[in-house]
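Subject: Structure for your review

Dear colleague,

Please find below the structure that I am handing over to you. My notes on what was found in it follow.

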Amino acid sequence: ALIGLSAGLFATGAAYCADMPTAENFAKTNGILAALGSLGCVAGFLSAVALGHAVLVSLSIALAAALLALPFFVFLVPNVSPPLEKRGKPSNSELCQAFLVCSMCKSFLSQTRYTKAVLACKFFMGASYGAARVWMSGYGMLRFHVSVQDLGGTLLMYFILNGILTIVSSRFLPAKLGCDASLWMTCLMASVCTLGPGTPVTFWIGILCSMTYGSSVSFLNAMYFGQLSAKRRGELSALNSLVGELGSITGVLVVTPVGVSWVEAYMSSGEGTWLTPPMVQLAFDVIACLFYYGARACLRHEDQFGVFVLRTHDEAAAGARHDGKDAEAANVNAISVVPAAPQ
């Protein structure tokens, strides 16, 4: 329930970060956002280990982290919103529709086929991530003979290395090249855990093979949020949050009965069923890759990434904006998004 209530926070942050830089810097900004998320998971993990695993302790850690983040948001994050007098006031019907999940269908149908394919890719990537979270703590510990301590240490190293790799790769690789080169690697973890022997080494190699997951997600987010101008990126943010959570729920619901069946067969006869949870995860990964690379091959002409470039009419305002000053105080309402020259 708490994850569901906070699901929109990351997507909103991604949309905000997509508004700040130019199209050329999308990958760097999203990479930093994803890497900081991984390092935040490390900090939360270490705090829970040091203070205890009780539910009250975990909730206290989450509340303390939220309170620590609030001053950074209030005092350090620049305000680039247009002035109040230039904002359109939503009607009562629009406010009511905003709380209806089905209202996102209209927004989804208005997107290009390329954007829909990217959203489908994100859905199945979310399903793969949800499936992996489920089978690691049950199936993974039994089949690969991994203890709770080894599992915790492995995940800790995963978050650290994933954050570092995401920062490095997003800094030096453009979004399209990075996503084309790394997305197929998301299939490696499930492939290794499906085909490899039931030893701890197999599990650790599978985790190492998933190090590029954070980079792939950051590159994909950069391409996704670059499909529309800044005025409509909030719309993409809402779709991103909805599709990601639906994908994660789907992965959990599909892989859970498979994992339970395998564990029951293993406990009764010493041999699991032929269908394993990593196979389900691998299917999700393969479908995600088919949607992405299919869109890149067949719908490339609908790709709008890099078409909308942030321009300013006032160089002084632009300099003040890059200095991190308040946008309204610097009169950066002169900023507009205009189509760039065809690439």
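Where does Gln304 lie? Gln304 is found in the loop between α14 and β1 (308-311). Please note that this is a predicted model. With a relative accessible area of 25%, Gln304 is partly exposed. Leaving aside residues up to four places away in sequence, Gln304 touches Gly226 and Gln227. The C-alpha atom of Gln304 is separated by 9.7 Å from that of Phe225, although the two residues are 79 residues apart along the chain.

Helix α14 itself comprises residues 277-298.

Helix α10 (residues 188-195) and helix α11 (residues 200-209) pack at an angle of about 165 degrees, with their axes 7 Å apart. An angle over 145 degrees counts as roughly antiparallel, and α10 and α11 are therefore roughly antiparallel to each other. The crossing of α10 past α11 is right-handed. On the α10 side, Leu188, Met189, Val192 and Cys193 take part; they meet Thr202, Ile205, Gly206, Ile207 and Cys209 in α11. The residues of this contact comprise seven nonpolar, two polar and no charged.

Yours sincerely

Key. Residues numbered from 1 in each chain as written. Predicted model: local features only at pLDDT ≥ 70, side-chain atom pairs only at ≥ 80, totals over all residues. Heavy atoms only, no water. Axes fitted to C-alpha atoms, helices over the stretch in contact; angles between N-to-C directions. Helix = DSSP H or I, 4+ residues; strand = E, 2+ residues; numbered from the N terminus. Parallel < 35°, antiparallel > 145°, perpendicular 65-115°, else oblique. Left-handed = near helix turned anticlockwise from the far one by under 90°. Contact = heavy atoms within 4.5 Å. Nonpolar A, V, L, I, M, F, W, Y, C, P; charged D, E, K, R; others polar. Expected span 1.5 Å × (residues − 1). Buried < 20%, exposed > 50% of the residue type's maximum accessible area, 1.4 Å probe, protein only.
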